Amino acid sequence: MLVGEIGVDREDFLYRMAFWEVRRTVMGYRERQKAAWEVARWQTFWLMQVGMADTSKVNFDDLLRLPWDKGEKANEPSLEDINRLREELRAYNDKMHNA
């Protein structure tokens, strides 16, 4: 992530950066990403308000739910998803070992 997405030099990351620097860099990157998503959400909301009839206004809370919204757990898989993936992995492993 630091090298590929953020653009930190590989040598700096591997040999020159302390753990606290890595952590701060990642935290700052995530905050910038979050701010960009918030701006995009607000712009989309206001553009939709202008282009829609008064009777069909969009509710901001329903427009785009982001993982950091209060009470959201958008990135967490459900228990059903986890169990399904485990079964698929077991089946795949069985197939590979029996081949």
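Where in the protein chain is confidence lowest, and where is it highest?

**View 1. Confidence along the predicted chain.** Confidence is lowest in helix H4 (residues 60–63), with a mean of 72. It is highest in helix H3 (residues 19–51), at 88. The score is pLDDT, the predictor's confidence in each residue, from 0 to 100. The protein chain has a mean pLDDT of 81, and 86% of its residues reach 70 or more. Helices are DSSP runs of H or I, at least four residues long, numbered from the N terminus. This is a predicted model, in which local features need pLDDT of at least 70, side-chain atom pairs count only at pLDDT 80 or more, and totals for chains, interfaces and linings use all residues. Residues are numbered from 1 along each chain as its sequence is written, and side-chain values use heavy atoms, with hydrogens and water left out.

**View 2. The aromatic cluster of Trp-42, Phe-45 and Trp-46.** The structure holds three aromatic pairs. In one of them, Trp-42 and Trp-46 have ring centres 6.4 Å apart and planes at 20°, so this pair is stacked. Phe-45 and Trp-46 have ring centres 5.0 Å apart and planes at 75°, so this pair is edge-to-face. Rings of Phe, Tyr and Trp (its six-membered ring) pair if their centres lie within 6.5 Å; planes under 30 degrees apart count as stacked, over 60 as edge-to-face and the rest as tilted. Trp-42 and Trp-46 both sit in helix H3, four residues apart, or about one turn of the helix. Phe-45 counts as buried, at 10% relative accessibility. Trp-42 is partly exposed, at 40%. Buried means under 20% relative accessible area, exposed over 50%, and partly exposed in between (1.4 Å probe, protein chains only).

**View 3. Arg-41, a buried residue of helix H3.** What is the relative accessible area of Arg-41? The value is 5%, so Arg-41 is buried. Leaving aside neighbours within four places in sequence, Arg-41 is in contact with Phe-60, Leu-63, Leu-64, Arg-65, Leu-66, Trp-68 and Asp-69. Contact means heavy atoms within 4.5 Å.

**View 4. A nonpolar patch on the surface.** Which residues form this patch? They are Val-3, Phe-13, Leu-14 and Tyr-15, with about 380 Å² of accessible area together. Areas come from the Shrake-Rupley method with a 1.4 Å probe. Patch residues have over 30% relative accessible area and no salt bridge, and nonpolar side chains are joined within 5 Å. A salt bridge is a side-chain nitrogen of Lys or Arg within 4 Å of a carboxyl oxygen of Asp or Glu. Helix H2 (residues 10–16) gives the most to the patch, with three residues. Val-3 lies in helix H1 (residues 2–6). Val-3 is partly exposed, at 38% relative accessible area.

Terms used
Helices (H or I, at least four residues) and strands (E, at least two) are DSSP runs, numbered from the N terminus. Patches are made of residues with over 30% relative accessible area and no salt bridge: like charges are joined within 9 Å, nonpolar side chains (Val, Leu, Ile, Met, Phe, Trp, Tyr) within 5 Å.
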